[in-house]
Amino acid sequence: MSKGDKILDVRSMHMKFHSKGVTVHAVNDVSFSVNEGETIGIVGESGCGKTTLGRCIVRAYQPTSGSVTYVASDGNELDFLNIDKETMKKYRKEIQMIFQDPYSSLDPRMTVLDIIKEPLKANFPKMPKAEMEKRVMDIAAKVGLNTTYLKRYPHAFSGGQRQRIGIARALVLNPRIIVCDEAVSALDVSIQAQVINLLHDLQQEFGLTYLFISHDLSVVEYISDKVGVMYLGRMVEYAPTKELFQHPMHPYTESLLSAVPVADPAIQIERIPLEGEIPNPANPPSGCHFHTRCRYCQQRCKEEVPELKDMNGHLVACHRAEELQLRGFNYDEMNH
Amino acid sequence: MFKKKTMQDESYYLAGQWQLMWRKLKKHKLAKLSLAVLAILYITALFADFFAPYGLEQFSALYKNTAPTKVYWQDEEGKLSRPYVYKLKKENKMEKVDGKISMQTIITEDTSEKYYIAFFVEGIEYKVLGIKSNIHLYGLVNEAGEVDQKARINIFGADSTGMDIFSRILFGGRVSLTIPFVSAAISFVLGILLGGISGYFGGMVDNVIQRIIEVLSAIPSIPLWMALSAAIPPGIPVASMYLYITIILSFIGWTGLARVVRGKFISLRKEDYVMAAKLAGVSDFKIIVKHLVPGFLSYLIVNLTLGIPGSILGETSMSYLGLGMKAPATSWGVLLKETENLESVAQCPWKLIPLAFVVITVLAFNFLGDGLRDAADPYK
Amino acid sequence: MENYTMHPDNIIEVRDLKVNIKIDEGTLTAVRGVNFEIKKGETLGLVGESGCGKSLTSKAILDINTKNCETTGSIHFRTTEGEEIDIVNMPVPPKRNGKPRVKAIQKMRTKVLKPIRGKQISMIFQEPMVAFSPMYTIGNQIMEAALLHITKDKEEARRLSIDVMTKVGIANAEKRFDQYPHEFSGGMLQRALISMALVCNPQLLIADEPTTALDVTIQAQILELMKELQKDFGMSILFITHDLGTVAKMCDRVAVMYLGRIVESAPAMEIYKNPQHPYTQGLIGSVHKIGTKSQERLFSIEGTVPLALNLPAGCGFYERCHKRIEGVCNVYDPALVDVGNDHKIACFACTGCPNAVNKEGKADE
């Protein structure tokens, strides 16, 4: 296996939640593939299903239908949704997750050492204690934790350091894919930069593949190689980062990009307003989910669901993708 | 790594949940005081044989319904003396009322002989924690320095059988203070088990258990007690009686606890760290034992502490109503049964002293529970 | 109390504001001498990371800090009637028997502040979901302020509220007025919250992270709305946030706070183009700007914010600063110095060492 080969392939994944007679189609026919060593950004507004998508991939939820094909380090292709428990246990550790809230993601009743050690204990029950601790020490040092503090409880650490603990816990099993669910959103700006740099360094060192789920488009633009945009459970656009930010092809992406606050008062981007509000996810509009708020909407958009079409490596789900000329970021202007 | 400046020392960072809880509890003055009061109450109950001057079989008809024994500090000349008491004597007095002669018995102090209060005196033999002894904390000796059982010292007065109320309170504490604990322990197990099952499995099982809880908590408690205690065959030994009451109390107590456990279980199951453990491949059983149970144990302890006063009052009121312990057994409820009628309270107000013990105990548990509740979640 | 006169352009002047919080472990100096002023119709952005004291500062203006907070310094506010009042130091009623009358002082404060709080100074909170009570209709809660300050007539208050709701872009305000908070989306709820703050036509609006909890597209809407409303109503805004992006969009002037102090303040354009204080530089450097991707890593300030308890002498940023001058920065506390163009910096490395140190190597006091 070498860098750049396909490592994960998600095909027509659906995830439905039923509660009190209401069905929410949180993930609706999402397909995309990921190459090893890449960072994929998944963006969208709250309720778009990006968190559910991430959790389906790490198998915290069992998707309603679809397939998640994972190409394991030994070259085996596994459909994660249809494998037996034993195989699952063997490969599950290769896909790990970093959580948003550095407070609720660490058990306050365990020492940091125990927290990082727990995955090792569960997967390698026969590993000698000394080796386990050595591995914990190594990984803790890697993520920038002071190893003399590992006997402390999480309450002794600040938000940024807790996030490092969470990263260490995810890394200790030598995973190949890490799903980062809003991994830096809860952190202060200066700490955010520290953690982003750390994630970047770890990727360089271990050849990790990231699925970076975030609502912060600036961060996603910085860290990702490719970006997927989700709206009401569907992936509406999936393209290389630069391409997507400069030449968005879906009207929703266009609006989203125009709303990003840029930390430079000299740049005032005219916002392309979205009409109305996000529809109720339990009762999404017909046809293209976005048609109720789209300023390019035509009759066809109300009736037919647009497919995710490949346009020279730029995937977009819009009937009018070919004809529309949409506005993105002008990188030259940004660099002025 | 950078140096961090904070006010707390390394021990704070190394402190686990229980240590942090203890630290916070220590700051709660009322809770600390309550803890001390409860410790005293439990120690005196456990060593009641030692602290009480008299055993439960030592009653005296002469001392029936007598007021707390008067203790003298001064001798006849008004000089300070070693504290002493007089024994009581019975005098028959003829009196002419409305032309009829009636005989009246008057109990007065017999001032002919002094009995001094002494500490660590010999008395009735007892066995506690496997140690056989006949030493009591205090008692009376006569002028010659010998133990004399003719005189009695009843610091809280005597009851209708002539028994020392103070001694009975201490012995009664054994029952009144432990029943709640035993019943709490049973409730604890039932609550965690049924609440845990309810919260973990959810669905149908959850539904059934929740309905049972609703039905149980809808039954008014006093009629339920009456029904259940009617089921206890009469004439059974006191020891079994004790057990039955405990079980009755705990069958009512578990429902609230089960609800708390279930709620905590459900909310903790959604915590990110539980999901993280799951993703790391930790088994369900380990997740429950290592993450979920420690997560709500502190809440349970608070809940229990706040629930114990209810059980104490429950035992007291059951015994008072005659549904629980009955004389000759001794519990605080049984002692209070003597205050059933107003006349008895008016004539012998000291019989209300056991009530003060009930109140103090209940308050102490409540304050302690309050303190524990504040300390329960040291991470928030 | 000495006489203090405000600058005629300013609506509020905060001088040497300190807030101490009493906690179990001691006294936490959360705000350590903050100075700023806001002109009429101006938006000042107060920027800083969590724990820098920006929220406490704003709450001190409304006098709504919790009881364990002790506020000193002064906050002069120009009321609608043109009066200048000091929110921190109220005139103290005469002592009785030589003892200060705590209750009387409290009463006096309430009497003076009641017509100001909510009417002339109002506030928008971060979490619109929490700011509304689920038990009452939105309209009821918006109307409350109007009934308290403007009119006793319910019909008129209702009309006023619906007017404001329409102005903040709540469509169908008549109908929305009688709905409950749960029937509103997050963005709409934030609009309702803004209309609640605006119903009394305040002089000063304090917005404490008003868009942090919202999605990007809604955030942009709300920010634009606030800008428009500012033009219409002519109010001043104190905009508190940690997000440098929204500050760039919203503010005329920016004050950067670190550890209870303002370390740099300047017009918005100036602070982004020419940040001077190492902390400001770090803060701006650590935010990625779209389209400027390079192979370089993001700039990051090392370390974390220390706890404001038993702070050592010197500049609060000393430990994390890459420009620190040993023997100066960890000995003396830098004051905010005007370097021209309304640009103020509290940093010895930027503005030069204290004179005393330059001459003799030690302070003269």
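**Figure 1. The loop that holds E182(A) lies between β7 (177–181) and α6 of chain A.** This view, like those that follow, is drawn from a predicted model. The phi angle of E182(A) is near 50 degrees, a positive value in a residue that is not glycine. Is E182(A) buried or exposed? With a relative accessibility of 7%, E182(A) counts as buried, because the cut-off for that class is under 20%.

**Figure 2. Helix α6 of chain A spans residues 189–206.** The helix is made of 18 residues. From the first C-alpha to the last, α6(A) reaches 26 Å, close to the 26 Å expected at 1.5 Å a residue. Of its 18 residues, 13 are buried, so α6(A) is largely enclosed by the rest of the structure. What follows the helix? The residue after α6(A) is G207(A), with a positive phi near 65 degrees.

**Figure 3. Chain A and chain C bury about 3,800 Å² between them.** Carbon and sulfur atoms give 55% of this buried area. Chain A brings 39 residues to the contact, and chain C brings 44 residues. Across the interface of chain A and chain C, 13 residue pairs are found in polar contact, with both residues of each pair at pLDDT 80 or more. On the side of chain A that touches chain C, at least two residues come from each of α6, α7 (217–223), α9 (251–258) and α11 (331–335) of chain A.

**Figure 4. A salt bridge joins the side chains of K289(C) and D264(A).** The distance from N to O in this pair is 3.1 Å. How many salt bridges are counted between chain A and chain C? The count is 3.

**Figure 5. L259(C) is placed in the loop between β9 (253–258) and β10 (261–267) of chain C.** Although L259(C) is not a glycine, its phi is positive, at about 50 degrees. The relative accessibility of L259(C) is 2%, and therefore this residue counts as buried.

Terms used. Residues numbered from 1 in each chain as written. Chains lettered and ligands numbered in written order. Predicted model: local features only at pLDDT ≥ 70, side-chain atom pairs only at ≥ 80, totals over all residues. Heavy atoms only, no water. Helix = DSSP H or I, 4+ residues; strand = E, 2+ residues; numbered from the N terminus. Expected span 1.5 Å × (residues − 1). Buried < 20%, exposed > 50% of the residue type's maximum accessible area, 1.4 Å probe, protein only. Contact = heavy atoms within 4.5 Å. Buried area = accessible area lost by both parts, 1.4 Å probe. Salt bridge = Lys/Arg side-chain N within 4 Å of Asp/Glu carboxyl O. Polar contact = N/O pair within 3.5 Å; in protein donor to acceptor, adjacent residues only side chain to side chain.
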